[in-house]
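The following exercises concern one protein chain.

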Amino acid sequence: MEVAKWKPNQVMIRVSGWMAEHGPSLTIQKTEVVVLTAKRVDTIIPLQMGNQETVTKRAMKKATEKAANVTTALSRSMANVGGPKPSKRRLLMSVTTSILLYGAEIWADAFRIEKYSKRMADVQKLKALRVACSSRTVSEPTILVVARVIPIDLQTRKRNAQCDYGDAEKDDAYHTFFVCKRWTAHRQILEQQISNITPENIFKRMLTSAENWDRVAVHGETMLRHKKQEQSLNPP
Ligand SMILES: [Zn+2]
């Protein structure tokens, strides 16, 4: 237990030290630290970042609560009778899906635990009921079909699964950065500038010069920007 508290703080000390030496600074409100643990320990941990302190939160619980609050607020503005059309309702409610799936790539495995997946499914049902203007007694599968909403667990698995560009079973940072065919041309330009990149040598390459640092940073930023744009044009 003590180790679970001590380790993340040691990591933060090292990260903050490195940041202070190299220039960039952390905004505490926007910084996210993910603690993955297989043991039953309290994951609500106070974290010291520089001279400020923050506390870790449980990602799924936080996302579910936030999505439920937004759904309730949106529902109030959409009367079942005489309110907006279903297409408009669906668009408004898509906001809650984004909230529910925030960070899903990281916590998707938690969906195997029924308690968590049920909590999310409940919020999604609430949302679907408002889209279809139906009563609460309608079963969950039925209401999702009527409201044309994809079950949240399937959406999560999709997010955590294949590469959107169809060249890998599993999409992750390693695949995007070093392997994905979509970015081969971008990667080749970078490799012409700083020579070949691998997970083992990338930091060494970046630390060779400020110019190389910027090249890798710009490369990463460009890929992520394009990927986000392309995903929004072709959502899961
Ligand atoms: Zn790919």
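From the N terminus on, the elements of the protein chain run α-β-β-α-α-α-α-α-α-α-α-α-α. The model is predicted: local features need pLDDT of at least 70, side-chain atom pairs count only at pLDDT 80 or more, and totals for chains, interfaces and linings use all residues. Residues are numbered from 1 along each chain as its sequence is written.

**Exercise 1. The chain as a whole**

Task: State how many helices and strands the protein chain has, and what percentage of its residues count as buried.

Solution. Step 1: helices (H or I, at least four residues) and strands (E, at least two) are DSSP runs, numbered from the N terminus. The protein chain has eleven helices and two strands.

Step 1: a residue is buried if 20 or more other C-beta atoms lie within 10 Å of its own, exposed if 12 or fewer, and partly exposed in between, with C-beta atoms placed from the backbone. Of the 236 residues, 14% count as buried.

Step 2: two residues are in contact if their C-beta atoms, placed from the backbone, lie within 7 Å. Among contacts with a separation of 6 or more, 53% join residues 24 or more positions apart.

**Exercise 2. Helix 3 and helix 5**

Task: Determine how helix 3 and helix 5 are oriented to each other, and which residues meet.

Solution. Step 1: axes are lines fitted to C-alpha atoms, for helices over the stretch in contact, and angles run from 0 to 180 degrees between N-to-C directions. The axes of helix 3 (residues 86-100) and helix 5 (residues 114-132) come within 8 Å and cross at roughly 165 degrees.

Step 1: angles under 35 degrees count as roughly parallel, over 145 as roughly antiparallel, 65 to 115 as roughly perpendicular and the rest as oblique. Helix 3 and helix 5 are therefore roughly antiparallel.

Step 2: from helix 3, Pro 86, Arg 89, Arg 90, Met 93, Thr 96 and Leu 100 take part; they meet Met 120, Val 123, Gln 124, Lys 127, Arg 130, Val 131 and Ala 132 of helix 5. By class, this contact has seven nonpolar, two polar and four charged residues. Here Ala, Val, Leu, Ile, Met, Phe, Trp, Tyr, Cys and Pro count as nonpolar, Asp, Glu, Lys and Arg as charged, and the others, Gly among them, as polar.

**Exercise 3. Helix 9 and helix 11**

Task: Carry out the corresponding analysis for helix 9 and helix 11.

Solution. Step 1: helix 9 (residues 184-194) and helix 11 (residues 210-233) pack at about 175 degrees, and their axes are 10 Å apart. This angle makes the two helices roughly antiparallel.

Step 1: His 186, Leu 190, Gln 193 and Ile 194 in helix 9 meet Asn 212, Arg 215, Val 216, His 219, Thr 222 and Met 223 in helix 11. The classes represented are four nonpolar, five polar and one charged residues.

**Exercise 4. The nonpolar cores**

Task: Identify the residues of the largest nonpolar core and the element that gives its largest share.

Solution. Step 1: a nonpolar core is a set of buried Ala, Val, Leu, Ile, Met, Phe, Trp, Tyr and Cys residues joined through C-beta atoms within 7 Å. The largest has nine residues: Met 93, Ala 128, Leu 129, Val 131, Ala 132, Ile 143, Leu 144, Ala 147 and Val 149.

Step 1: helix 5 and helix 6 (140-146) are the elements that give two or more residues to this core. Its largest share, four residues, comes from helix 5.

Step 2: apart from this core lies another, of seven residues, among them Ala 63, Leu 100, Met 120 and Ile 152.

Step 3: Ala 128, leaving aside its neighbours within four places in sequence, is in contact with Ile 143, Leu 144, Ala 147 and Val 149.

**Exercise 5. Loop residues**

Task: Is Lys 181 buried or exposed, and where does Ser 195 lie?

Solution. Step 1: Lys 181, in the loop between helix 8 and helix 9, is exposed, with 12 other C-beta atoms within 10 Å. Beyond its neighbours within four places in sequence, Lys 181 is in contact with Tyr 165 and Asp 167.

Step 1: Lys 181 and Gly 166 are 15 residues apart in sequence, with 9.1 Å between their C-alpha atoms. Gly 166 is placed in the loop between helix 7 (152-160) and helix 8 (173-179). Gly 166 counts as exposed because it has 8 C-beta neighbours inside 10 Å.

Step 2: Ser 195 lies in the loop between helix 9 and helix 10 (202-206). Its phi is near 70 degrees, a positive value in a residue other than glycine. With 11 C-beta neighbours inside 10 Å, Ser 195 counts as exposed.
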